[in-house]
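Biologist: I would like to learn how to read a model like this one. Please take me through it feature by feature.

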Amino acid sequence: NVLQINAINSNYVDANNLKFEEIKILGAVQEITSATVSQNNTVENSTLSVSYNPLEKVAHITGLQLELGKSYTVEWTQQPNVNGRFNCYPSPNATQEKCEQLGCVWEQVTSNSDIPPCYYSSDNAYSVDKVEYTSSGLTANLTLNRAKTRANENFTTPISTLRLEVKYHLNNMLQFKIYDYQNARYEVPVSLNLPSSPGSTDKERLYEVSVQQKPFGIQVRRKSTGTVIWDSQLPTFTFSDMFIQISTRLASQYIYGFGETEHTMFRRNMSWHTWGMFTRDQPPTYKLNSYGYQPFYMALEEDGNAHGVLLLNSNAMDVTFQPTPALTYRTTGGILDFYMVLGPTPERVVQEYTALIGRPVMPPYWSLGFQLCRYGYRNDSEIAQLVEDMQAARIPYDVQYVDIDHMERQLDFTIGTRFAGLPALINRIKEKGMRFIIILDPAISGNETNYPTFSRGAQDDVFIKWPNTNDIIYSKVWPFLPNVQVNESLPEQTQIQIYGAHAAFPDFFRNSTVEWWKREILEFYNNPTNPSRSIKFDGLWIDMNEPAAFLNGAIGGCRNNVLNMPPYIPHLGYRSDGLTVKTPCMEGQQYLPDGTPVRHYDVHSLYGWSQTKPTLE
């Protein structure tokens with residue numbers, strides 16, 4: 001933090017009285033807050049101004065009056081900007097002892113509780129080895145510096161050697177992937193629309209990538225402007241069995257997206273933190289979103305260019321922003337698999353992103369009309385009267401729904417006695433040019449004496465089971481037990497505990513489940529044994545597929561404490577209760593279409609997606 005200016009020939013006098021008035025300091029990792037000028041060990045009374053760009057790591061000192069031919073000492077003060085701290089202990093109840101066990105710095109800022117008291121110092125635990133460059137990307141090994149290993153449990157001990165792969169897929173799209181190449185790990189089983197071979201050239205490529213070797217970091221820069229749009233040359237990279245964290249500085253404070261956008265990413269029947277746009281002065285807004293998440297954001301750079309970033313990871317995670325501007329991804333498993341599209345306009349970013357993940361399904365024209373849906377219809381006569389009243393009032397009305405009220409005790413693919421006239425009502429409604437949508441929940445009751453949907457499902461082995469057993473994992477959702485009188489004066493949770501049936505969850509990844517689900521839907525639509533009871537719906541509303549349960553985990557509790565209460569619990573709203581809040585146990589055994597076993601822990605957030613595909617088909 002010292003610049004020594006030595007005049008070799010002190011007899012020189014500049015006739016034009018030229019002076020050095022400003023200095024730029026490049027590569028300043030920490031914020032430079034003040035500077036002084038001294039001559040012959042005497043500090044000069046000069047008014048200096050210091051500005052600092054944390055993204056570019058450049059400090060600019062102005063107001064200098066350094067005469068040619070004279071010797072000076074310019075000294076500046078560096079200190080970490082509290083807004084640039086990256087949280088080293090994101091779990092609750094941080095203490096100085098816990099912080100320092102991780103090799104991090106402890107310094108509380110009492111004026112603002114949002115500023116983490118435990119933060120990373122200036123170095124991370126990995127360095128880069130064996131970088132190999134090709135025309136279509138690069139590969140490198142990341143090696144752990146054991147002297148800087150930060151861990152307090154076996155499952156958070158950093159992995160010793162990782163692989164970095166960077167692929168230049170297109171001139172406007174690249175991928176960078178970090179994974180444990182010595183041990184197979186779960187990766188998201190959703191294919192993206194990637195070119196069969198790289199289709200970019202150095203001349204036409206919109207980006208350039210550089211790798212910092214010690215400590216490890218990766219930087220992506222837009223070639224046309226020099227703007228750094230990804231900069232993870234930071235001290236926050238951690239990669240262990242059940243906790244991965246990486247931070248990046250952003251090219252702008254204007255961030256759009258993260259799907260709808262979740263601060264915490266783990267599909268769950270609860271309220272999530274949501275951003276539409278993040279700026280230093282704009283707090284987050286909140287809304288309910290419980291059926292899916294897309295770890296994608298679009299950033300608008302200061303000059304108006306735009307880019308987008310997708311993290312292909314389905315494990316429980318949270319993403320936090322800070323005013324630097326920067327963001328930190330924390331995920332409980334999988335790998336880091338990032339895809340970046342370069343736009344450069346917001347419209348192009350959206351086009352490039354949907355080209356990568358798949359275009360949205362074109363909705364039928366009628367689905368854009370006015371739709372009416374609610375829970376609690378008492379019988380089919382009430383719906384019939386509603387249709388007449390709506391039309392008499394000349395209220396625009398295109399689509400009518402029924403919720404689980406129409407079922408016999410909320411059992412999928414059944415018609416309740418109070419809705420015996422529903423098949424005929426649907427036909428009459430459709431004759432008027434309207435459409436009808438019914439609901440289906442994924443959980444299937446296993447407490448029935450004659451329920452073909454469950455019997456056939458059990459026969460076809462479609463339900464999620466306990467690992468290494470043939471036992472179905474049962475929780476409680478809909479319905480209540482058959483032939484019981486429910487005491488509705490009891491608290492809701494008490495009613496569920498007493499009267500709730502054993503509910504099984506189909507594994508929609510399995511080929512057998514896909515075929516079973518399709519057959520159940522078609523039989524309900526056509527009813528080959530009694531066509532008069534066929535339900536000629538126009539659309540299906542699939543609900544409760546977080547998947548949702550009415551108790552935490554399973555009947556009798558879960559069995560794997562590490563999976564259900566991992567070392568790091570993202571900000572899920574009920575953090576102290578772990579990952580099983582109103583959802584099945586994380587150790588549930590599922591199988592991909594090719595037979596590969598996967599844990600519910602890894603694919604929980606893909607449950608709704610896995611049900612949607614066969615339902616659409």
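Biologist: Which domains does the domain assignment give for the protein chain?

Modeller: Domain bounds come from an automatic or database domain assignment. Here it gives domain 1 (2-78), domain 2 (83-118), domain 3 (126-357) and domain 4 (368-616). The C-alpha centres of domain 1 and domain 4 lie 70 Å apart. This is a predicted model, where local features need pLDDT of at least 70 and side-chain atom pairs count only at pLDDT 80 or more, while totals for chains, interfaces and linings use all residues. Residues are numbered from 1 along each chain as its sequence is written, and side-chain values use heavy atoms, with hydrogens and water left out.

Biologist: How do I read a sheet, and in what order do the strands of the open sheet come?

Modeller: Strands of a sheet pair through backbone hydrogen bonds, either parallel or antiparallel. Strands (E, at least two residues) and helices (H or I, at least four) are DSSP runs, numbered from the N terminus. Two strands pair if DSSP finds at least two bridges between them. In this model, four strands form an open sheet in the order β1-β7-β3-β4, with antiparallel pairing. Its edge strands, β1 (2-5) and β4 (42-43), each pair on one side only. Strand β3 (residues 31-39) and strand β7 (residues 72-79) share seven antiparallel bridges, and V37 has V74 in β7 as its bridge partner.

Biologist: What do β15 and β16 form?

Modeller: They form a hairpin with five residues between them, and G226 in the turn has a positive phi of about 80°. Strand β15 (residues 217-222) and strand β16 (residues 228-231) pair in the antiparallel sense over three bridges. Q219 stands opposite D231 in β16.

Biologist: Which residues is E352 in contact with, leaving aside neighbours within four places in sequence?

Modeller: Contact means heavy atoms within 4.5 Å. By that rule E352 touches N172, V341, L342 and G343. N172 is 180 residues away along the chain, yet the two C-alpha atoms are separated by 8.2 Å.

Biologist: What joins the side chains of E352 and N172?

Modeller: A polar contact of 3.2 Å. The term means a pair of N or O atoms within 3.5 Å; within protein, one must be able to donate a hydrogen and the other to accept it, and residues adjacent in sequence count only if both atoms are side-chain atoms. A polar atom of the E352 side chain also lies 2.9 Å from the backbone nitrogen of G343.
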